[in-house]
Amino acid sequence: MKGQLPGAEPGRHPDHQAGASDRLLAGDKDLEGADLEGADLEGADLIGVCLRDANLRNANLRDANLRNTTLTGADLQGADLESADFRDAILEGVNLRGAH
């Protein structure tokens, strides 16, 4: 489902991932260091969220709104970034290897 976060997935630190998902859905804007590996964030509204040093490997960020988002040091390796809006986002030190 668009813009929804997954529940914990086998082999992926379920407590940490579910906690980050719950915090984001509750409107928490500070997700520094969050583990959102493989999260389905398609079409999600992430305006102004702090994702500094977050793990977003293989996340689906297609059509996500990441305006004014802080992604300093975040890992987006292998993430789907098609049509994502990064206007005014802070992208210093972001790992984009294999992102598309």
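Is Asp75 buried or exposed? With a relative accessibility of 15%, Asp75 counts as buried, where buried means under 20% relative accessible area, exposed means over 50%, and partly exposed lies in between (1.4 Å probe, protein chains only). The structure is a predicted model, in which local features need pLDDT of at least 70, side-chain atom pairs count only at pLDDT 80 or more, and totals for chains, interfaces and linings use all residues. Residues are numbered from 1 along each chain as its sequence is written, and side-chain values use heavy atoms, with hydrogens and water left out.

**Confidence**

- The average pLDDT of the chain is 85, and 80% of the residues score at least 70; pLDDT is the predictor's confidence in each residue, from 0 to 100.
- Over residues 1-17, pLDDT stays under 50.
- For residues 1-17 the model has 37 contacts beyond four places in sequence, a contact being heavy atoms within 4.5 Å.
- Where pLDDT is low, the predicted coordinates should not be read in detail.

**Salt bridges: count and network**

- The count comes to five salt bridges, each defined as a side-chain nitrogen of Lys or Arg within 4 Å of a carboxyl oxygen of Asp or Glu.
- A network of salt bridges links Arg62, Asp80 and Glu82.

**Asp75 and Arg57**

- Asp75 pairs with Arg57 in a salt bridge, with the closest N and O atoms 2.5 Å apart.
- Both Asp75 and Arg57 lie in the segment after α1 (14-25), so the pair ties together parts that are 18 residues apart in sequence; helices (H or I, at least four residues) and strands (E, at least two) are DSSP runs, numbered from the N terminus.
- Arg57 is partly exposed, its relative accessible area being 31%.

**Arg62 and Glu82**

- A salt bridge joins the side chains of Arg62 and Glu82, at 3.2 Å from N to O.
- Arg62 and Glu82 each lie in the segment after α1, so this pair ties together parts that are 20 residues apart in sequence.
- Arg62 counts as partly exposed at 27% relative accessibility, and Glu82 is partly exposed with a relative accessible area of 42%.

**Arg67 and Asp85**

- The side chains of Arg67 and Asp85 form a salt bridge at 3.9 Å, N to O.
- Arg67 and Asp85 both lie in the segment after α1, so the pair ties together parts that are 18 residues apart in sequence.
- Arg67 is partly exposed, with 30% relative accessible area, whereas Asp85 counts as buried at 16% relative accessibility.
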